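Trainee: Could you help me learn to read the features of a structure, one step at a time?

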Protein chains: 2
Amino acid sequence: MLEKAAFLLECFLPTGGPFRLTELAARTGLPKATVHRLAAELMALGWLERSGPHYRLGGKLFELGSRVPRRRELREAALPFLQDLFEATRETVHLGVREGHQVVYVERIHGHDVLPLPSRIGGSLPLTCTGVGKALLAFSDAELTDEVLAGPLPRLTPHSITDPARLRTVVEQAQVAGLAYEEQEAALGVSCIAAPVFGPGGGAVAALSVAVPRASFRPAQLAPAVRTAALGLSRVLRGG
Amino acid sequence: MLEKAAFLLECFLPTGGPFRLTELAARTGLPKATVHRLAAELMALGWLERSGPHYRLGGKLFELGSRVPRRRELREAALPFLQDLFEATRETVHLGVREGHQVVYVERIHGHDVLPLPSRIGGSLPLTCTGVGKALLAFSDAELTDEVLAGPLPRLTPHSITDPARLRTVVEQAQVAGLAYEEQEAALGVSCIAAPVFGPGGGAVAALSVAVPRASFRPAQLAPAVRTAALGLSRVLRGG
DNA sequence: AGCTTTGTTCCGTGACACGAGACGAAGCGC
DNA sequence: GCGCTTCGTCTCGTGTCACGGAACAAAGCT
């Protein structure tokens, strides 16, 4: 029951978009009658909503999701630094954490110019295709990098790095520099520079990044800003 | 089953804080054995987490909650204007919508100075005690105001307005001015100015506000900024 | 009008949710 | 250290309610 309900809700995840009953039945593989009953119950709870024949995730989930402590605490501590970084660069700024072999974005702020990025708050992307992911990899246990490199390396664009040897080099460069770079590996025309955020334990608990149109990518100017913001946040997390 | 699970999750809502098993059983009124079984299932789904004996809301809820379309779309459209408003004022900025007789905050951004406010993203407060709430009231159906004024008026601080007649006056003033004011009605020492955001239909679908320490409240300087941001967002929502 | 697809309702069957109770494991006072 | 209380976990017999096939209703489509 719970499992079926969770399955039903999670099948909204990739797009979040509106789905019809039959569509949901097809996506989940559950019988139509079952989906119908479940959806009705979930709507009564405010976990789903519908307008006409279209089901969508409901407002109660927003309430619950906003209160998830691990995420909320990090976001709240980070927000001022993300603001600083945004003001300094006026570009799209990300905050992400690791979850398995993926990066989950906790916050993303931007101005009126919206880049065509696949990153979404609450959404996940491969560690290996993003600046935030590479920064996290570079400052986590070495065995994590081994694990990730052992598996198949996903590809988001033709520029995504799928050669393990080359990726290892890139991660090692990030370790030395304290910064990770990404060029059109997640979205065409977008480059990115990221810095790790350290927790009290010393390892990277998050990373933040600035994504800019490839044409106006000036690493020398972005690097100090990203590093400053990341170090400032690290200091606060360390309990300052 | 679903209902019990939802009940269990929602009992985290006020604080979100960590709870122990016995505490959860007491809060929900469910038998300990039942809570134990439910919690185990919810953990398997990633909807709950635990560290030691402490249960917390889990990361999956964050993922799901971030994808709730009604909220996400509004947030995404509003973010650039919220940034503008923050940069113009350098004060805490809110975006809220109405849900019943409450305002639910969809976004809140601030710098390093954090005001002691009760507002939380995903959290709700009474319409009558907040700037955002009054702006929403002033530009919704008149019958909504009647309903709200008919019920008991909650109080968050000694300055909260609990006299229906006085509140009606205040709402009418907001209608004329196109702006709502709030002075220490939600938190002591904090004042606030809010403006409605209009949807394609013409009614207020949201409102945004700036909250500042009472000592540095300069309405004349904040008003144009808030109004500008709200009108800009309204224009985008109207499909520009 | 006839056909196809989608959404809703019914209902008999059986799986599994339920929770009292027993048990083990911590914490606490002395 | 030792009884005592409190908390967390596990078991198991009972009965409920989730399940989904199938029939029905309501839209779309041609």
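Mentor: Let us start at the DNA. Several helices each supply at least two residues of the surface near DNA strand D: α3 (32-45) of chain A, along with α2 (21-28) and α3 (32-44) of chain B. Keep in mind that this is a predicted model.

Trainee: Which residues come nearest to DNA strand D?
Mentor: There are 15 residues around DNA strand D, and those that come nearest are A33(A), T34(A), L21(B), T22(B) and A33(B). By class, the surface near DNA strand D has nine nonpolar, three polar and three charged residues.

Trainee: And how many residues surround DNA strand C?
Mentor: DNA strand C is surrounded by 14 residues, with R20(A), L21(A), T22(A), A33(B) and T34(B) the closest. Here α2 (21-28) and α3 of chain A, together with α3 of chain B, each supply at least two residues of the surface. The largest share, three residues, comes from α3(A). The classes near DNA strand C are eight nonpolar, three polar and three charged.

Trainee: Now the two protein chains. How many residues of chain B are in contact with chain A?
Mentor: Chain B has 38 residues in contact with 38 residues of chain A. On the side of chain B that touches chain A, α1 (2-10), β2 (54-57), α4 (59-66) and α5 (69-89) each supply at least two residues. The largest share of that side, nine residues, comes from α5(B). Sorted by class, the side of chain B that touches chain A has 19 nonpolar, ten polar and nine charged residues.

Trainee: Can we look at one residue in detail? With which residues is L45(A) in contact, leaving aside its neighbours within four places in sequence?
Mentor: L45(A) is in contact with K60(A), L2(B) and A6(B) once those neighbours are left aside. L45(A) lies in helix α3 of chain A. It is partly exposed, with 18 other C-beta atoms within 10 Å.

Trainee: Next, a helix. What span should helix α9 of chain A have?
Mentor: Count 1.5 Å a residue: the 19 residues of α9 (residues 219-237) of chain A should span 27 Å, and the end C-alpha atoms are 26 Å apart, which agrees.

Trainee: Which residues of α9(A) are buried?
Mentor: The buried ones are L222(A), A225(A), V226(A), A229(A), A230(A), L233(A) and S234(A). They cover an arc of only 165° around the axis, so they lie on the same side of α9(A). On the other side of α9(A), the residues A220(A), Q221(A) and P224(A) are exposed. The cover over the buried residues of α9(A) includes α5 (69-89), β7 (190-198) and β8 (204-213) of chain A. Just after α9(A), G239(A) takes a positive phi of about 105°.

Trainee: What about the helix α9 of chain B: is A225(B) buried or exposed?
Mentor: A225(B), in helix α9 (residues 219-237) of chain B, counts as buried because it has 20 C-beta neighbours inside 10 Å; the cut-off for buried is 20 or more. Leaving aside its neighbours within four places in sequence, A225(B) is in contact with L85(B), A88(B) and T89(B).

Trainee: You mentioned a positive phi. How should I read that angle?
Mentor: Most residues other than glycine have a negative phi. Now look at Q184(A), which has a positive phi of about 60° although it is not a glycine. Q184(A) sits in the loop between β6 (180-183) and β7 of chain A. It is partly exposed, with 17 other C-beta atoms within 10 Å.

Trainee: And what phi does Q184(B) have?
Mentor: Q184(B) has a positive phi of about 60°, and it is not a glycine. Its place is the loop between β6 (180-183) and β7 (190-198) of chain B.

Key:
Residues are numbered from 1 along each chain as its sequence is written. Chains are lettered from A and ligands numbered from 1 in the order in which they are written. This is a predicted model: local features need pLDDT of at least 70, side-chain atom pairs count only at pLDDT 80 or more; totals for chains, interfaces and linings use all residues. Helices (H or I, at least four residues) and strands (E, at least two) are DSSP runs, numbered from the N terminus. The expected span of a helix is 1.5 Å times one less than its number of residues. A residue is buried if 20 or more other C-beta atoms lie within 10 Å of its own, exposed if 12 or fewer, and partly exposed in between; C-beta atoms are placed from the backbone. The arc is that of the directions from the helix axis to the C-beta atoms. Two residues are in contact if their C-beta atoms, placed from the backbone, lie within 7 Å. Ala, Val, Leu, Ile, Met, Phe, Trp, Tyr, Cys and Pro count as nonpolar, Asp, Glu, Lys and Arg as charged, and the others, Gly among them, as polar. A residue is near a molecule or strand if its C-beta atom, placed from the backbone, lies within 6 Å of it.
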